[in-house]
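Look at the sequence and the model first.

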Amino acid sequence: MTFGYRLNVEQLMYKRASYNYEKALSKMVDVPDSIPETGKLYYFEGPGLEDDETIALCIECIIEWAASLESFVNLVWLGNKISSQEEERNYSSTIAKIKRLYQIEDLLYGDSKWKSGVEKLFAMRNYLMHYKEAITYTGFSFATKFQHEFSKNNMIKIKRDIYLAIKEIGGYFNIDCGFVDGDYDHFIYKY
C-alpha cells in the first residue's frame, strides 16, 4: 500500500491572511489627509503612521493572499490536461497563468469582476518585496502611500476580489475551494 500527501499551502495562507485581516481591521484608526489641490482636510480608516503592528498585519495579508492565490492557480495548472503539459516557466506570473488557463477553456479573463483587484494585489506584493521608492511630499499634510494602500476600504476590496477569484477559478476548473468559506484542510491524503 502506498500513500502520499500534499500540504495545502493555498488554504494555510488564506486562513492566516483571514486572521491577520480581521486583526488589522480592528486596529484601524481615522487617518487625516488633505486633497492635494485644495488642502481640504478629510479622514479615512487605515493604519496609524507609526503603528508597526497594524502595518505588519496588512503587509502579511498582502503576501499571504498572493501566496494563496498563486498556490491555488498552480494547483489548477497542474490539474489541467493541457496546461500541465506546458512549460510552466514560459508564464512569468500568476496572472499570466490565469490568462492561459482561461484561454485553454475559452473563458474571458477580461470580464472577471475580480481582475483589477487581483492585478493590484500582485502589484502591491511585488512593490513590497522588490522595490521601495522614496516619495516626497510637498505642500499640505498628506497621508502616506502605504496608509492609502492599506486603508480599510482597500483591504476589504482586495479580500473580496481574492475570494471571488478563487471561487470563480475553482468553479470553472472543478477544484475544491471551500477553504475561502472556512472549510480548511491541512493536508490532502492520497491512497
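The charged end of K159 sits over the ring of Y21, at 5.5 Å from the ring centre. A charge counts as over a ring if NZ of Lys or CZ of Arg is within 6 Å of the ring centre and within 35 degrees of the ring normal. This is a predicted model: local features need pLDDT of at least 70, side-chain atom pairs need pLDDT 80 or more, and totals for chains, interfaces and linings use all residues. Residues are numbered from 1 along each chain as its sequence is written, and side-chain values use heavy atoms, without hydrogens or water.

**Charge over ring**
- K145 lies over the face of Y127, 4.2 Å from the ring centre.

**Aromatic pairs**
- The whole structure holds 10 aromatic pairs (rings of Phe, Tyr and Trp, the last by its six-membered ring, with centres within 6.5 Å; planes under 30 degrees apart are stacked, over 60 edge-to-face, the rest tilted).
- Y14 and F179 pair edge-to-face, 5.7 Å centre to centre with 80 degrees between the planes.
- This pair links distant parts of the chain, 165 residues apart: Y14 is in helix α1 (residues 9-26), F179 in the loop between α6 (152-172) and β4 (187-190).
- Helices (H or I, at least four residues) and strands (E, at least two) are DSSP runs, numbered from the N terminus.
- Y14 and F179 are both buried (under 20% relative accessible area; exposed is over 50%, partly exposed in between; 1.4 Å probe, protein chains only).

**Aromatic cluster**
- Y102, Y109, W114, Y172 and F173 form one aromatic cluster.
- The ring centres of Y102 and Y109 are 6.2 Å apart and their planes stand at 90 degrees, so this pair is edge-to-face.
- Y102 counts as buried because its relative accessibility is 1%.
- Y109 is buried too, at 8%.
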